[in-house]
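Please consider the model displayed below.

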Amino acid sequence: MLKGLKLSLRNLSRYRTRTIITIMAVLISVLISTVVDGLIRGMFTMSTSNLINYESSEVTVYQEGYFEKRKEYPSDIFISVDSVSSALTKLDVAGIPATPRYKAVSEVISYSEAEDAEFSLNVILVGVDKERDSEVFRISESLTDGTWFGAEDEIILGSRIAEKLQLTVGDMVTLSTTGAMGFAETLDLTVGGIINSEDPQVNMSQVFVSLADLDSYLMLEGGATEIAVSDGLPSVATDRFRDRVQKTIGPELDARYYEEVNEDIIAIMNGDKGSSLLMLLFLFIIAAAGISNTMLMAVMERRKESAMLRSLGFSRGSIVSLFVLEGTLTGIIGAVLGALLALLVMIPLSQYGLDFTALLFEDMDIGYRIPLILRPGLYWQSFVLIPTLAVFLSAASAFFPVHKTGKEEIADLFRRT
């Protein structure tokens with residue numbers, strides 16, 4: 001084995017140009033496949049994380065009957081103050097972070113004196129508990145201007161809403177919404193803050209008002225349309241957590257996992273995940289063809305050498321082993337270099353990201369909860385599986401042609417070279 005290894009290394013140095021070409025084929029294949037895989041994985045991971053951290057939490061608790069109508073935001077089905085208080089107490093005792101919320105379809109209206117014009121925009125009103133909300137969501141961390149409910153009768157806007165309505169902190173707006181039992185209500189509020197979160201859907205469609213303010217205006221009487229629950233570990237979220245929450249709060253309320261609440265978004269992501277994996281497979285097939293052709297050329301050009309080795313008494317098996325070992329060594333060198341280069345490329349990309357703002361409109365809803373600056377993820381699976389496949393492919397590409405030539409007679413090999 002040691003002699004074979006020395007001979008293989010000597011052959012790699014002898015055929016230096018061909019070795020470099022083969023190594024480059026493996027290196028480029030591993031580099032491109034690893035970076036693309038990181039981008040795909042990063043896109044799905046970021047979208048799921050943002051969905052949980054900014055919109056729906058891991059588990060959402062509803063009053064019975066609300067879940068089926070949740071897309072309509074019905075205001076006549078909500079959790080009573082007693083049920084909210086009981087559920088929060090039980091969850092607090094169990095050490096599970098939770099916060100009540102009130103959601104309704106609303107309209108924000110502003111007036112510009114400079115243009116002497118009125119602007120309006122349909123939004124989703126989210127009533128929040130200003131103390132508890134930060135235990136479950138990261139909305140308060142996304143403030144770019146103003147404060148998190150520093151005074152009464154304040155509204156916090158998504159950054160795109162503020163831009164469209166030409167609003168800044170301190171401006172007055174009118175909020176037209178619905179209260180308990182569906183009656184209409186108009187609120188005059190001051191813009192207290194502007195958020196720019198990692199979730200573009202929040203930035204362009206949601207406004208936030210303190211539940212304490214909404215309670216008096218909308219006659220909620222301490223109730224809420226939902227209770228958002230999270231254990232702070234979205235990366236390992238499972239539906240077992242939903243079962244734990246349901247057991248904690250009892251059967252009176254309905255606990256739903258985030259995949260159930262956002263079934264349309266999850267369906268889009270799962271469908272695209274299959275397409276993305278297919279694209280990655282297609283990309284790797286192209287890369288595999290490059291590696292195979294390079295190795296095939298290297299082996300076929302050395303048929304005369306194979307014939308000479310056999311005439312010197314080398315067995316067919318030892319010759320096949322020698323070429324396969326060369327292919328494996330070439331694959332290992334190329335795969336390691338490709339993985340290292342991919343790491344060097346992805347580290348800055350994971351920090352600064354790829355800017356797609358020139359290709360996509362900022363208000364375009366593509367289903368994913370990701371900003372237009374996409375950051376790839378660094379996953380050990382990418383740096384292990386793809387290089388391993390490349391090494392195996394390199395070895396297999398050497399095996400089949402040399403195995404075929406090994407069946408030919410020595411005289412035939414000399415005549416054909």
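The questions and answers that follow concern ring pairs, a helix and its surroundings.

Visitor: On what basis are the values given?

Guide: This is a predicted model, in which local features need pLDDT of at least 70 and side-chain atom pairs count only at pLDDT 80 or more, while totals for chains, interfaces and linings use all residues. Residues are numbered from 1 along each chain as its sequence is written, and side-chain values use heavy atoms, leaving out hydrogens and water.

Visitor: Is phenylalanine 149 buried or exposed?

Guide: Buried means under 20% relative accessible area, exposed over 50%, and partly exposed in between (1.4 Å probe, protein chains only). Phenylalanine 149 has a relative accessible area of 4%, so phenylalanine 149 is buried.

Visitor: Which residue lies over the face of phenylalanine 67 at 4.0 Å from the ring centre?

Guide: A charge sits over a ring if NZ of Lys or CZ of Arg is within 6 Å of the ring centre and within 35 degrees of the ring normal. Arginine 70 lies over the face of phenylalanine 67 at 4.1 Å. At 4.0 Å from the ring centre lies arginine 256.

Visitor: How wide is the arc within which the buried residues of α8 fall?

Guide: Helices (H or I, at least four residues) and strands (E, at least two) are DSSP runs, numbered from the N terminus. In α8 (residues 239-249), the buried residues are Phe241, Arg242, Val245 and Ile249. They line one face of the helix, because the directions from the helix axis to their C-beta atoms fall within an arc of 105°.

Visitor: Which residues are exposed on the other side of α8?

Guide: The buried residues of α8 are covered by elements that include β1 (59-63) and β10 (253-257), where contact means heavy atoms within 4.5 Å. On the other side of the helix, the exposed residues are Arg240 and Lys247.

Visitor: What is the bridge partner of threonine 60 in β10?

Guide: Two strands pair if DSSP finds at least two bridges between them. β1 and β10 run antiparallel and are joined by 5 bridges. In β10, threonine 60 has as its bridge partner arginine 256.
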